[in-house]
Amino acid sequence: MSFLSSIFGSKSEASDKIVILDKKEYATAISGSKVQLVDVRTANEFSGGHIKGAKNIDFFNQANFEKSFGNLDKTKPVYVYCRSGARSQKAARKLLDMGFAQIFDLKGGYSRWS
């Protein structure tokens with residue numbers, strides 16, 4: 001196992017409810033209409049650039065995080081990303097605890113996207 005896969009995980013190691021997608025797979029998955037696409041970075045990071053159509057829900061603002069995700073449909077897939085992939089993994093685990101059925105995470109985060 002490589003150092004990076006031990007940090008960021010891989011598809012085979014990911015929970016069956018949390019799937020890590022590479023840039024190409026993620027881009028294809030979010031190209032449909034009405035996807036729940038969420039950037040879990042800070043508002044400042046978000047304003048510096050984000051994936052088109054993403055909603056900003058700051059992971060570090062826990063009260064707002066739970067309230068905002070509480071307004072999303074837990075039965076539909078949610079796509080999350082952050083700067084490098086670490087924060088979005090924490091967010092994905094929290095979303096599982098909140099009852100979301102399927103979470104997709106962008107491998108390497110926004111830094112790999114742009």
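Modeller: A polar contact here is a pair of N or O atoms within 3.5 Å; within protein, one must be able to donate a hydrogen and the other to accept it, and residues adjacent in sequence count only if both atoms are side-chain atoms. Keep in mind that this is a predicted model.

Colleague: Is S88 buried or exposed?
Modeller: Beyond four places in sequence, S88 touches V40, V80, Y81, C82 and D105. Its relative accessibility is 0% and the cut-off for burial is under 20%, so S88 counts as buried.

Colleague: Which elements do the buried residues of α5 pack against?
Modeller: In α5, the residues R87, S88, Q89, A91, A92 and L95 are buried. They pack against β1 (18–21), α3 (43–47), α4 (62–70), β4 (78–81) and β5 (103–106).

Colleague: How far apart are the end C-alpha atoms of α5, and what should the helix span?
Modeller: Helix α5 covers residues 86–97, which makes twelve residues.

Colleague: Which residue with a positive phi follows α5?
Modeller: The phi in question is near 100°. The residue that follows α5 with this positive phi is G99.

Colleague: How far apart in space are G70 and G99, C-alpha to C-alpha?
Modeller: G70 has its place in helix α4, and it is partly exposed because its relative accessible area is 44%. In sequence, G70 and G99 are 29 residues apart. In space, their C-alpha atoms are separated by 9.7 Å.

Colleague: Let's turn to D39. Which side chain makes a polar contact with the side chain of D39?
Modeller: D39 lies in strand β2 (residues 36–39). A relative accessible area of 0% is why D39 is called buried. At 2.7 Å, its side chain makes a polar contact with the side chain of R41.

Colleague: And over the face of which residue does R41 lie?
Modeller: The distance from R41 to the ring centre is 4.6 Å. The ring it lies over belongs to Y110.

Colleague: Leaving aside neighbours within four places in sequence, which residues is D39 in contact with?
Modeller: The contacts of D39 include F46, H50 and Y81. Also among them are A54, K55, N56 and I57.

Colleague: I57 comes up there, so what about A43: how far is A43 from I57 in space?
Modeller: A43 lies in helix α3 and counts as exposed because its relative accessibility is 51%. A43 and I57 are 14 residues apart in sequence. Their C-alpha to C-alpha distance is 8.1 Å.

Colleague: Now the rings. How many aromatic pairs are there, and what is the angle between the planes of Y26 and W113?
Modeller: The count of aromatic pairs comes to eight. Y26 and W113 form one that is edge-to-face, 6.2 Å centre to centre. Y26 in helix α2 (residues 23–29) and W113 in helix α6 (residues 110–113) are 87 residues apart, so the pair links distant parts of the chain. The angle between the planes is 75°.

Colleague: Why is the pair of F69 and F100 edge-to-face?
Modeller: The ring centres of F69 and F100 are 5.9 Å apart. F69 is in helix α4 and F100 in the loop between α5 and β5, 31 residues apart. Both F69 and F100 are buried. Planes over 60 degrees apart count as edge-to-face, and this pair qualifies because its planes stand at 85°.

Colleague: Which residues form one aromatic cluster with F69 and F100?
Modeller: The cluster holds F69 and F100.

Notes
Residues are numbered from 1 along each chain as its sequence is written. This is a predicted model: local features need pLDDT of at least 70, side-chain atom pairs count only at pLDDT 80 or more; totals for chains, interfaces and linings use all residues. Side-chain values use heavy atoms; hydrogens and water are left out. Helices (H or I, at least four residues) and strands (E, at least two) are DSSP runs, numbered from the N terminus. Buried means under 20% relative accessible area, exposed over 50%, partly exposed in between (1.4 Å probe, protein chains only). Contact means heavy atoms within 4.5 Å. The expected span of a helix is 1.5 Å times one less than its number of residues. Rings of Phe, Tyr and Trp (its six-membered ring) pair if their centres lie within 6.5 Å; planes under 30 degrees apart count as stacked, over 60 as edge-to-face and the rest as tilted. A charge sits over a ring if NZ of Lys or CZ of Arg is within 6 Å of the ring centre and within 35 degrees of the ring normal.
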